[in-house]
Amino acid sequence: MTQTSAAPPGADTAEHAAVAIDLVKRYGTGDGAVTALRGVSAAFPRGRFTAIMGPSGSGKSTFLHCLAGLDTVTSGSVRIGGVELTGLSRTKLTRLRRDRLGFVFQSFNLLPMLTAEENIRLTGRLGGRKADPAWFGALVDALGLRGRLAHRPSEMSGGQQQRVAVARALLTRPDVLFADEPTGNLDSRSGGEVLGILRAAVDDYGQTVIMVTHDPAAAAHADRALFLADGRIVHELADPTIDGVHAVMRRMEG
Ligand SMILES: Nc1ncnc2c1ncn2[C@@H]1O[C@H](COP(=O)(O)OP(=O)(O)OP(=O)(O)O)[C@@H](O)[C@H]1O
């Protein structure tokens, strides 16, 4: 299996929205300990869309959570926009996540009592900043949510809810948008729409997107795919196609 070249220690943080160097993540201690990441290094260029793939249990979500400061690392370094995350106080980490990162999860994570508009504006409000009205309007139109702004999550389809979650994540113009199986709960049509929107966020707004997915069709929307196996990056594919991703997965299984 080819070793990835996406691991430059000391990668230039002006060019990279996120850099991970030699990440190790161990859960638990003693006999019950599980090592989920075994020295993962990768650099994520600004304005690019990266898919993280690999078999179940290979460490994809752990890697994403460590990169996004949602989980602590056992050792190694994570930098977001040049800021070293390891060693940041809880308060500073919370502020950095809120101000500079966007998140989209499989389960949408919208607040049920709030309307679509209130959900979209929530992160910005927590930061005490008023969203740029033109940007809010552009996002709402681009995501086809203009007619849904007064609806609560229970009054929207899964695809619409996920589009609200994407709008919420993009409203603060984050350094990185992290997506963990964003199409996992959607039918293929709604999933395709959400992936098209993530692609457009990269192409039209220069957004950096890092997405965990099981789905070769989802990974084919990305500019590159990184493949994890047993806590290590074992392959990298530029401009992945569905067939190309399948071929790597078959080789990994064989
Ligand atoms: N909180 C935790 N405590 C203990 N072990 C964990 C924890 N979270 C993950 N693991 C273990 O770490 C390893 C990697 O898990 P992770 O969820 O990152 O894999 P994944 O590739 O995202 O899997 P999936 O595709 O099934 O979601 C697995 O062996 C898992 O059981």
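Mentor: Two strands pair if DSSP finds at least two bridges between them. The structure above is a predicted model, in which local features need pLDDT of at least 70 and side-chain atom pairs count only at pLDDT 80 or more, while totals for chains, interfaces and linings use all residues. Residues are numbered from 1 along each chain as its sequence is written.

Trainee: How do you know that strand E1 and E2 pair?

Mentor: Strand E1 (residues 16-27) is joined to E2 by 9 bridges, and the definition asks for at least two, so the two strands pair. They run antiparallel. In E2, Ala-43 stands opposite Val-19, and Arg-38 stands opposite Val-24. The hairpin of E1 and E2 has 6 residues between the strands, and Gly-28 takes a positive phi near 75 degrees there.

Trainee: What makes E2 and strand E5 the edges of their sheet?

Mentor: The sheet is open, with 4 strands in the order E2-E1-E4-E5 and antiparallel pairing. E2 and E5 (83-84) each have a single partner strand, so one side of each is left without a neighbour in the sheet.

Trainee: How many helices and strands does the protein chain have in total?

Mentor: The protein chain has 8 helices and 10 strands. These are DSSP runs numbered from the N terminus, with at least four residues (H or I) for a helix and at least two (E) for a strand.

Trainee: Why is the chain called as compact as a globular protein of its length?

Mentor: The globule rule, 2.2 Å times the number of residues to the power 0.38, is set against a radius of gyration taken over C-alpha atoms. For 254 residues the rule gives 18 Å, and the radius of gyration of the chain is 18 Å, so the chain is as compact as a globular protein of that length. Its C-alpha trace spans about 50 × 45 × 35 Å along the principal axes.

Trainee: Why is strand E3 called largely enclosed?

Mentor: A residue is buried if 20 or more other C-beta atoms, placed from the backbone, lie within 10 Å of its own; 12 or fewer make it exposed, and anything in between partly exposed. In E3 (residues 49-53), 5 of the 5 residues are buried, so the strand is largely enclosed by the rest of the structure. Phe-49, Ala-51 and Met-53 point one way, and Thr-50 and Ile-52 the other way. E3 pairs in the parallel sense with E8 over 4 bridges, and 4 bridges also join E3 to strand E9 (residues 224-229), again running parallel. Ala-51 has Met-211 as its bridge partner in E8 and stands opposite Ala-225 in E9.

Trainee: Is Thr-213 buried or exposed, and how do you know?

Mentor: Thr-213 has 27 other C-beta atoms within 10 Å, so it is buried. It is found in the loop between strand E8 (209-212) and helix H7 (216-219). Residues are in contact if their C-beta atoms lie within 7 Å. Leaving aside neighbours within four places in sequence, the contacts of Thr-213 include Ala-51, Met-53 and Ala-218. Ala-218, in helix H7, is buried too, with 28 C-beta neighbours inside 10 Å.

Trainee: Why does Thr-115 count as partly exposed?

Mentor: Thr-115 has 19 C-beta neighbours inside 10 Å, so it counts as partly exposed. Its place is the loop between strand E6 (101-105) and helix H3 (116-126).

Trainee: What makes a set of residues a nonpolar core?

Mentor: Such a core is a set of buried Ala, Val, Leu, Ile, Met, Phe, Trp, Tyr and Cys residues joined through C-beta atoms within 7 Å. The largest here has 66 residues, of which Ile-52, Ala-167 and Ile-210 touch the most other members. Helix H5 (residues 158-171) gives the most to this core, with 7 residues. In soluble globular proteins, nonpolar side chains tend to be buried together.

Trainee: Which residues surround the ligand?

Mentor: Among them are Tyr-27, Gly-28, Val-34, Lys-60 and Thr-62, where a residue is near if its C-beta atom lies within 6 Å of the molecule. H1 gives the most to this shell, with 3 residues. The shell has 3 nonpolar, 8 polar and 1 charged residues. Here Ala, Val, Leu, Ile, Met, Phe, Trp, Tyr, Cys and Pro count as nonpolar, Asp, Glu, Lys and Arg as charged, and the others, Gly among them, as polar.

Terms used
Contact = placed C-beta atoms within 7 Å.
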